[in-house]
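Colleague: I am new to reading structures. Could we go through one together, step by step?

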Amino acid sequence: MDCLFCKIVRGDIPVKKVYEDDRVLAFEDLNPQAPVHILVIPKKHISTSLDVTAQDNETIGLMLQAANLIAREKGVAEKGFRLVINCNSDAGQTVFHIHLHMLAGRKMQWPPG
Ligand code: AMP
Ligand code: ZN
């Protein structure tokens with residue numbers, strides 16, 4: 001499939017991996033928006049948050065657990081971190097393979113931009 005993140009899953013495009021299991025991959029964002037900016041993705045292609053079905057419940061849960069593990073490993077769990085899934089154009093989604101942004105290491109603003 002001609003999808004950037006599927007290519008990353010296949011190893012066709014190099015990334016700095018921070019976590020991997022049989023369902024989930026996490027790697028450093030190329031254009032970090034915070035001192036810690038990790039993308040957590042399912043290995044299975046799911047285009048957007050709207051495409052998640054009951055079949056994906058376990059995978060989505062594993063993505064959250066991977067984000068928590070990374071937060072603890074990076075030492076930011078206590079201070080806090082932000083998890084974001086952008087869906088479609090108003091939210092600014094640019095890569096149409098669902099991904100969880102894990103952002104940490106600075107005070108976050110609310111409301112978000
Ligand atoms: P979104 O705008 O929510 O779709 O997020 C896409 C994210 O993917 C952006 O934060 C990009 O910086 C990131 N990104 C795009 N290409 C790569 C890549 N080759 N390696 C790592 N991160 C990437
Ligand atoms: Zn994909």
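Pockets, metal site and charged pairs

Modeller: The largest pocket holds about 860 Å³ of space. This is a predicted model.

Colleague: Which residues lie nearest the centre of the largest pocket?

Modeller: Helix 1, strand 2, strand 3, strand 4 (81-84), helix 3 and strand 5 each give two or more residues to the lining of the largest pocket. That lining has 35 residues, and those nearest the centre are Asp-29, Asn-31, Gln-33, His-37 and His-101.

Colleague: By class, how many residues in the lining of the largest pocket are nonpolar?

Modeller: Sorting the lining of the largest pocket by class gives eleven polar and six charged residues. The nonpolar residues number 18.

Colleague: How much space lies in the second largest pocket?

Modeller: Gly-75, Val-76, Lys-79, Gly-80, Phe-81, Gly-105, Arg-106, Lys-107 and Met-108 line the second largest pocket. By class, they are three nonpolar, three polar and three charged residues. The space in this second largest pocket is about 160 Å³.

Colleague: Which arrangement do the four donor atoms around the zinc ion (ligand 2) make?

Modeller: The zinc ion (ligand 2) is coordinated by SG of Cys-3, SG of Cys-6, ND1 of His-45 and ND1 of His-97, at 2.0 to 2.3 Å. For four donors to count as tetrahedral, all angles must lie between 85 and 135 degrees. The angles here are 107 to 116°, so the arrangement is tetrahedral.

Colleague: What spacing do the donors of the zinc ion (ligand 2) follow along the chain, and how many residues apart in sequence are the parts that Cys-3 and His-45 tie together?

Modeller: Along the chain, the donors follow C-x2-C-x38-H-x51-H. Cys-3 is in the segment before helix 1 (4-10), while His-45 is in the loop between strand 3 (36-42) and helix 2 (57-73). The pair therefore ties together parts whose separation in sequence is 42 residues.

Colleague: Are Cys-3 and His-45 buried or partly exposed?

Modeller: Buried means under 20% relative accessible area. Cys-3 has 6%, so Cys-3 is buried. His-45 has 25% relative accessibility and so counts as partly exposed.

Colleague: Which residues do salt bridges that share partners join into one network?

Modeller: A search of the whole structure finds six salt bridges. One of them pairs Lys-17 with Glu-20, with 3.1 Å between the closest N and O atoms, and Glu-20 also meets Lys-43 in a salt bridge at 2.8 Å, N to O. Glu-20 is in strand 1 (residues 17-20) and Lys-43 in the loop between strand 3 and helix 2, so this pair links parts of the chain 23 residues apart. Salt bridges with shared partners thus form one network of Lys-17, Glu-20 and Lys-43.

Colleague: Are Lys-17, Glu-20 and Lys-43 buried or partly exposed?

Modeller: Lys-17 has 47% relative accessibility and counts as partly exposed. Glu-20 has a relative accessible area of 39%, which makes Glu-20 partly exposed. Lys-43 has 24%, so Lys-43 is also partly exposed.

Colleague: How far apart are the C-alpha atoms of Lys-17 and Asp-29?

Modeller: Lys-17 lies in strand 1. Lys-17 and Asp-29 are twelve residues apart along the chain, and their C-alpha atoms are separated by 9.9 Å.

Colleague: Which residue forms a salt bridge with Glu-58?

Modeller: Side chains of opposite charge can pair when their charged atoms come close. In the salt bridge of Glu-58, the closest N and O atoms are 2.9 Å apart. Glu-58 has 52% relative accessibility and so counts as exposed. The partner of Glu-58 is Arg-23.

Colleague: Which residue has a positive phi although it is not a glycine?

Modeller: Most residues other than glycine have a negative phi. The residue in question lies in helix 3 (residues 88-91), and its phi is about 65°. It is Asn-88.

Colleague: What is omega for the cis peptide bond that joins Trp-110 and Pro-111?

Modeller: Most peptide bonds are trans. Pro-111 lies in the segment after strand 5 (100-104). The bond that joins Trp-110 and Pro-111 is cis, with an omega of about 5°.

Methods
Residues are numbered from 1 along each chain as its sequence is written. Chains are lettered from A and ligands numbered from 1 in the order in which they are written. This is a predicted model: local features need pLDDT of at least 70, side-chain atom pairs count only at pLDDT 80 or more; totals for chains, interfaces and linings use all residues. Side-chain values use heavy atoms; hydrogens and water are left out. Donors are N, O and S atoms within 2.8 Å of the metal (3.2 Å for Na, K and Ca); water is not among the atoms, so sites may look incomplete. Four donors count as tetrahedral if all angles lie between 85 and 135 degrees; four count as square planar and six as octahedral if opposite donors are over 155 degrees apart and all others between 65 and 115; anything else is irregular. Helices (H or I, at least four residues) and strands (E, at least two) are DSSP runs, numbered from the N terminus. Buried means under 20% relative accessible area, exposed over 50%, partly exposed in between (1.4 Å probe, protein chains only). A salt bridge is a side-chain nitrogen of Lys or Arg within 4 Å of a carboxyl oxygen of Asp or Glu. On a 1 Å grid over the protein atoms alone, a cavity is a set of points where a 1.4 Å probe fits but cannot get out, and a pocket is an open set with protein on both sides within 12 Å along at least five of seven lines; lining residues have an atom within 4 Å of a point. Grid points are joined across faces, edges and corners, and a volume is the space filled by probe spheres set on the points. Ala, Val, Leu, Ile, Met, Phe, Trp, Tyr, Cys and Pro count as nonpolar, Asp, Glu, Lys and Arg as charged, and the others, Gly among them, as polar.
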